[in-house]
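This report goes through a protein model part by part. Look at the structure below before reading on.

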Amino acid sequence: MAAASMIRSVFKKELFSGKVAIVTGGATGLGRAITEELSSLGCKVVIASRRLENLEKAAQEINEAIPISLRPRVFPYQCNIRNEEQVKSLMKYTIDTHGALDYLVNNGGGQFASPAISAKGWLAVVETNLTGTFYCCKHAYNEWMAGHGGAIVNIIADMYKGFPNMAHTGAARAGVQNLMMSLALEWADCGIRINCVSPGIIYSETAAKNYGGRHVFDEGLHIIPAKRLGIPEEVSGAVCFLLSPAASYITGTTIKVDGGQSFYRSPFTIPEHNSFPPPLEDPELNSKL
């Protein structure tokens, strides 16, 4: 992750001046990059997650990169998106404090690699990634966007060839994508645009720490047509585009930021086996197979 003093963007300065956003999971990884870019472009950003210490540290560091006369632009708020009442409080705090809620970025989530998961693990991931996203969309709509419009971007994942060893997050993120398409239709008459960004293999220090080091990411280079890893700032650029006036006619779609990974090779290898049942034992039928 680049230092806060090195925030850069391809978008014009103050593009989001006067706007207010919520970024869940906004203190680390992809969420941190999204928060940095939005705030550098003039947006006030409320960052939310369970760990207040991480939020306060990130807010301080990012605000220090902003001219003193414009501080603060990043505001921490502790919230577990699996708790509907906490989500509702997050929305009310943002609107009461900053007077609006123009953008919602549903980046908060979590998962772990596992070939066989317990019911407890399944529920934890689905409740965070899918139900938490639903709660955030629901209360952003109820508290502000139904009467004022707005834009929502959900961060999902490359689950288009299945997600072996992470079936829980694959199912949850696919659910988020379908939820996005449904809400794009249901809420179109309120002037709400809702889209998804689907990252491929994106390297950050946070991700490396969570998944076992840089080598885990480098092992995936052979399935990426671009032959390099992505960085969080490439994801944040796509998010900022979808929130911006340049995307005013875009809703219900997904932008893949993956170097072509989603339509190339799968990282999952199936071992040689003879476990499938044999063909039907019917000579006439077998002759046609």
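## The sheet

Seven strands make up an open sheet, arranged in the order E3-E2-E1-E4-E5-E6-E7, and their pairing is parallel. Strand E3 (74-78) and E7 are the edge strands, and each of them pairs on one side only. Direction ignored, neighbouring strands of this sheet are turned by 20 degrees against each other on average. The model is a predicted one. Strands of a sheet pair through backbone hydrogen bonds, in either a parallel or an antiparallel way.

One pairing can be followed in detail. Strand E4 (residues 103-106) and E5 run parallel and are joined by four bridges. Asn106 has Asn154 in E5 as its bridge partner.

## Helices on the sheet

Helix H2 (residues 52-63) packs on the sheet and touches E2 and E3. The direction of H2 makes about 180 degrees with that of E3. H4 also packs on the sheet, where it touches strand E1 (20-24), E4, E5 and E6. The direction of H4 makes about 175 degrees with that of E4.

Helix H1 (residues 29-40) has 12 residues. From its first C-alpha to its last it reaches 17 Å, close to the 16 Å expected at 1.5 Å a residue. Of the 12 residues of H1, 11 are buried, so this helix is largely enclosed by the rest of the structure. Among the buried residues are Gly29, Arg32, Glu36 and Glu37. After H1 comes Gly42, whose phi is positive, near 100 degrees.

Helix H5 (residues 167-186) has 20 residues and reaches 28 Å from its first C-alpha to its last, close to the 28 Å expected at 1.5 Å a residue. Its buried residues include His168, Arg173, Val176, Leu179 and Leu183. The buried residues of H5 pack against helix H4 (119-148), strand E5 (150-155), strand E6 (192-199) and strand E7 (254-257).

Ala48 lies in strand E2 (residues 44-49). Its relative accessibility is 2%, so Ala48 counts as buried, the cut-off being under 20%. Leaving aside neighbours within four places in sequence, Ala48 is in contact with Val23, Thr24, Gly25, Gly26, Leu55, Tyr77, Cys79 and Leu90. From Ala48 to Ile62 there are 14 residues in sequence and 15 Å in space, C-alpha to C-alpha.

## Salt bridges

Side chains of opposite charge can pair when their charged atoms come close. The whole structure has eight salt bridges. One of them joins Glu14 and Arg73, with the closest N and O atoms 3.2 Å apart. Because Glu14 lies in the segment before E1 and Arg73 in the loop between H2 and E3, the pair ties together parts that are 59 residues apart in sequence. Glu14 is partly exposed, with a relative accessible area of 27%, whereas Arg73 counts as buried at 7% relative accessibility.

Another salt bridge joins Lys138 and Glu84, with the closest N and O atoms 2.6 Å apart. This pair links distant parts of the chain, since Lys138 is in helix H4 and Glu84 is in helix H3 (residues 84-98), 54 residues apart. Arg214 and Asp218 both lie in helix H7 (residues 214-218), four residues apart, which is about one turn of the helix. Salt bridges that share partners also join Arg32, Glu36, Lys57 and Glu61 into one network.

Definitions and conventions. Residues are numbered from 1 along each chain as its sequence is written. This is a predicted model: local features need pLDDT of at least 70, side-chain atom pairs count only at pLDDT 80 or more; totals for chains, interfaces and linings use all residues. Side-chain values use heavy atoms; hydrogens and water are left out. Helices (H or I, at least four residues) and strands (E, at least two) are DSSP runs, numbered from the N terminus. The expected span of a helix is 1.5 Å times one less than its number of residues. Buried means under 20% relative accessible area, exposed over 50%, partly exposed in between (1.4 Å probe, protein chains only). Contact means heavy atoms within 4.5 Å. Two strands pair if DSSP finds at least two bridges between them. Axes are lines fitted to C-alpha atoms, for helices over the stretch in contact, and angles run from 0 to 180 degrees between N-to-C directions. A salt bridge is a side-chain nitrogen of Lys or Arg within 4 Å of a carboxyl oxygen of Asp or Glu.
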